[in-house]
Amino acid sequence: MDHLLQLLLNGLAVGAVYALFALGYTLVFSVLGVINFAHGALFTLGAYFTYLLIGGAVGANGLIAGLQLPFALPFWLALLLAGVGAAAVALVVERIAFRPLRARGSDPLLALITSLGAGVILVNLIQLLVGAESYSIPVGTLGSLPVALSIAGAKVRTVQLLLLAIAGVLLLALTIWIDGSRSGKALQAVSEDPVTAQLLGINSGRMIQIAFGISGFLAGMAGGLVGLSVSIAGPYFGIGYGLKGLGVLVLGGLGSVPGAVLGGLIIGLAEACVPADFSGYKDAVAFGFLFLVLLIRPQGLLGRPLAEKV
Amino acid sequence: MSAPLLELRQLVVRYGSITALHGINITVQAGELVALLGANGAGKSTTLRAISALIPAAAGDVLWHGGSIARLNTERTVKLGISHCPEGRRVLARQSVADNLALGAWLRRDRAGIAADLERCYGLFPRLAERRSQLAGSLSGGEQQMLAIARSLMAKPTLLMLDEPSLGLAPKLVAEVMAALAQLHRDGLTILLVEQNAQAALAIADRGYVLEAGAISTSGNAAELLANPSLRAAYLGEAEGAKPN
């Protein structure tokens, strides 16, 4: 029983990160109809930003070897700023890789390639600057919080709970914003019918920027949280999450916000149920599950049937 | 005489190598209801899209109170007071009736004015009031058209442009929509009405223009156009020379 609770909480924590990640994809997808392949790189950036801001030192390889900021911020502030930093980079990606194509009226699918290019550039830039070694965020970062808590007899790492809580708050805030606010509804309008949105006086370029900004913020926060929870396994560590996030997105239904959350939690739980001896098969379980669901519901769990969209 | 509210001067619009409008001239005075008639593909929608800056003018000019607005973006034209109710209604199917109307007032910040206009819209189309919390996609075609018009009104326009509001509606609903437009016109709103249903449009219009293959072929006041034999033949479904009854 204790074991089950532990499993559940771990699964939910991992799933919540997947959900955060997938939500970032979803936001951009819903306004532009394309996947931003630089999203994984923004996640990675968020992790490195967090590491630097809490006072971590850069390793011996890379252009800024040995760099350490003269201050060390508390973790929560570092995480927040990392989100803001990733959001800023997301806006640059939008400016460079998306907007020029839109201005020329090119096929939106071309943005897949340009965003992939932007992602590759970002990842390589990170490697150039800080090298390829892995970094881990020290245990003491959380200050006076204990490393693990005992809940109903189950031992759970504080980090996991923190992850779950922060992800939960962000998901909730985003849902409330999209469904309950004027600007959230304007974003939905751009997503449903860009021309009509324009005729209502909604500046679709601005809404697209907002979507990218929030998307980058979520990716940066997710990266910082995962960096804290497991470690930053080098500049490429966002790629695995990027793929998993895509899986989550498709599982939940493209463009569906609740779908992204549900998909994330399901994949996280499915992975958590893989016994430790077989942990190498985690991805197989996650993607196998995705495969099965798509056989039965090609539009994803909460997605609209494709015919309606066309 | 002061400048007209809207004036298209030698307006040319091209889609790639195809010229959709060959230098048309149209004026709309404040308070008028002007019908823009013509067959499919004559360039009616293109004209509205050019005024709304959804497509650029290749040559010529669009004047608003005498000043050029041909280089503005769509958001700016809405701010100026031009509200464009597009062809095919294009309501936001996944949002409620009330949310659609709220987004119609996107650029406005005067809460009291917005609330008053909302009540005015519900008064004009009582069926929308009954269905205010329903998803727009679940409305019938006629209700969606009413919603589209009401949404355009929520911008508090100086000029309301409608693109084929009668399209696909049963005759009774066409009459209902036209009666609402006539009411708005009587209340002083300036309207530019694009229609294939010339009879219905001219019945409420002050003046009309007929577009043929991207050029104005005929124009005049509504009564003249209704009596014009070649127009009757082309758009009112009568053989040329047939006696009007």
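Two strands pair if DSSP finds at least two bridges between them. Helices (H or I, at least four residues) and strands (E, at least two) are DSSP runs, numbered from the N terminus. This is a predicted model: local features need pLDDT of at least 70, side-chain atom pairs pLDDT 80 or more, while totals for chains, interfaces and linings use all residues. Residues are numbered from 1 along each chain as its sequence is written, and chains are lettered from A in the order in which they are written.

**View 1. The open sheet of chain B.** Six strands follow the order β6-β7-β8-β3-β9-β10 (chain B), with mixed pairing. β6 (82–85) and β10 (215–221) of chain B are the edges; each has a single partner strand, so one side of each lacks a neighbour in the sheet.

**View 2. The β9–β10 pair of chain B.** β9(B), residues 207–212, and β10(B) pair in the antiparallel sense over six bridges. E212(B) stands opposite A215(B) in β10(B).

**View 3. Helix α1 of chain B.** Eight of the eight residues of α1(B), 44–51, are buried, so the helix is largely enclosed by the rest of the structure. Buried means 20 or more other C-beta atoms, placed from the backbone, within 10 Å of the residue's own. K44(B) and R49(B) are among them. Just after α1(B), A53(B) takes a positive phi of about 65 degrees.

**View 4. Chain A against chain B.** 15 residues of chain A are in contact with 19 residues of chain B (C-beta atoms, placed from the backbone, within 7 Å). α6(A) gives the largest share of chain A's side, six residues.

Notes: Two residues are in contact if their C-beta atoms, placed from the backbone, lie within 7 Å. A residue is buried if 20 or more other C-beta atoms lie within 10 Å of its own, exposed if 12 or fewer, and partly exposed in between; C-beta atoms are placed from the backbone.
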